[in-house]
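Subject: Structure handover

Hello,

Here is the structure I promised to pass on. Please open it alongside this note.

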Amino acid sequence: MREKTPERENANQSSDKLLKIIECLAANRLPKRLSALAEQLGMPQATVLRYLRTLCQQGYAYHDEVGGGYALTWRICRLSDAVRINLALRSMASGFLDDLANRLNISTCLVVENNCEAMYLDFVDSPHGVRDTMSATIRIGKRAPLHTTASGKLILSSYSDRQIDRIVDEVGLERLTANTITDREQLARELDKIRKQGYSVDDEECEVGHRCVSVPLWDYAGRIVAALSAYDATEYLSYQKMEDDVLPALFEAAKQISFRLGYQCD
C-alpha cells in the first residue's frame, strides 16, 4: 500500500470537497447563493467560493448575476454522456473481444480517445497462457500517446489536419521506443497509409517486443468512435498471421459492432 503523505491526504480532502459541492449544486433545481451552499455543505464560505470560482472558470458552473446564486451548466452533462457512451460501447464489444481472443489465441482490446490519449476501455488476455507482462485488469483504463499505438493512429487518421496539428502541438510526439514515430511528416504519411488500407499496425512503437493491429468501429453518423485491436508478442503475431487470420476476424467483428452502433455499410 502507498504511504499516506500530508500532500496526498490534502489532495484527497480537496477532491472530496469538490465532489460534494458538485453534488450539492446538482441537487438544487435553482441557483443557490453562496451563504446557503456553505451552510448546507458545512464548509466555510471562503472555501466554497474558491471551488465555485474554479468550476465557473472551467465552464462547469455559472454565477447568476440577477439572483446571486450558483448553478451547474450543461457542460457537466458531457462528462456523464461520455461515461454512458463508453459503458454502452464496452457492453456491445465485450462478447466479441472474448470470442476473438479465444478463437485467435491472442489478446484483444477496445480503445477510445480521451483527452488526446488512447484509453483502454476493455482488454482480454490471450486465453492459452498469458504472454503479456501486464494483466488485463491493469490495462483497463491505461492510457498511451495516440501516435504510439495502432488504435491511437487509427483514431488520429479520422481527424482533420487541423485537429492533428492541434493535438501534436499540445502533447508532442513523445518517443517510447526506437520505432516510435516522432516526426510530423512521417506521422502524416503513416496516417495517409492507414486511411487507404483501412487498418493500423503498431510494430514495437509503444512497447518493445509487442505488435498490435487495429480496425475502426463506426457509429450511426459515419464517425470512427473507437478501435478494435488484437495484440501479442512479435514472435507470435507475424505479419502473415495478421493478414491471413487476425485482420479478417477483426473486420468481421468490427462490422457487427458498428451495425449495433447504427452504422450502415454501403
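This is a predicted model: local features need pLDDT of at least 70, side-chain atom pairs count only at pLDDT 80 or more; totals for chains, interfaces and linings use all residues.

Residues are numbered from 1 along each chain as its sequence is written, and side-chain values use heavy atoms, without hydrogens and water.

**The sheet**

Helices (H or I, at least four residues) and strands (E, at least two) are DSSP runs, numbered from the N terminus. Two strands count as paired if DSSP finds at least two bridges between them.

The open sheet has 3 strands, in the order β1-β3-β2, with antiparallel pairing. Its edge strands are β1 (32-33) and β2 (61-63), and each pairs on one side only. In general, strands of a sheet pair through backbone hydrogen bonds.

β1 and β3 run antiparallel and are joined by 2 bridges. Here Arg33 has Gly69 of β3 as its bridge partner.

β2 and β3 (residues 69-72) also run antiparallel, with 3 bridges. Ala61 stands opposite Leu72. Tyr62 stands opposite Ala71. The hairpin of β2 and β3 has 5 residues between the strands, and Gly68 in it takes a positive phi near 80°.

Which way do the residues of β3 point? Gly69 and Ala71 go one way, Tyr70 and Leu72 the other.

**Helix α3**

The end C-alpha atoms of α3 are 18 Å apart. Its 13 residues should span 18 Å at 1.5 Å a residue, so the two agree. The expected span is 1.5 Å times one less than the number of residues.

The buried residues of α3 are Thr47, Val48, Leu49, Tyr51, Leu52 and Leu55. After α3 comes Gly59, with a positive phi near 85°.

**Helix α9**

α9 covers residues 239-260. Its 22 residues should span 32 Å, and the end C-alpha atoms are 30 Å apart, which agrees.

Where is the kink in α9? It lies at Val246, shortly before the proline Pro248, and is about 40°. The bend at a residue is the angle between axes fitted to the seven residues ending there and the seven starting there.

Val246 is also buried, and the buried residues of α9 include Met242, Leu250 and Ile257. Just after α9, Gly262 takes a positive phi of about 95°.

Best wishes

Terms used:
Buried means under 20% relative accessible area, exposed over 50%, partly exposed in between (1.4 Å probe, protein chains only).
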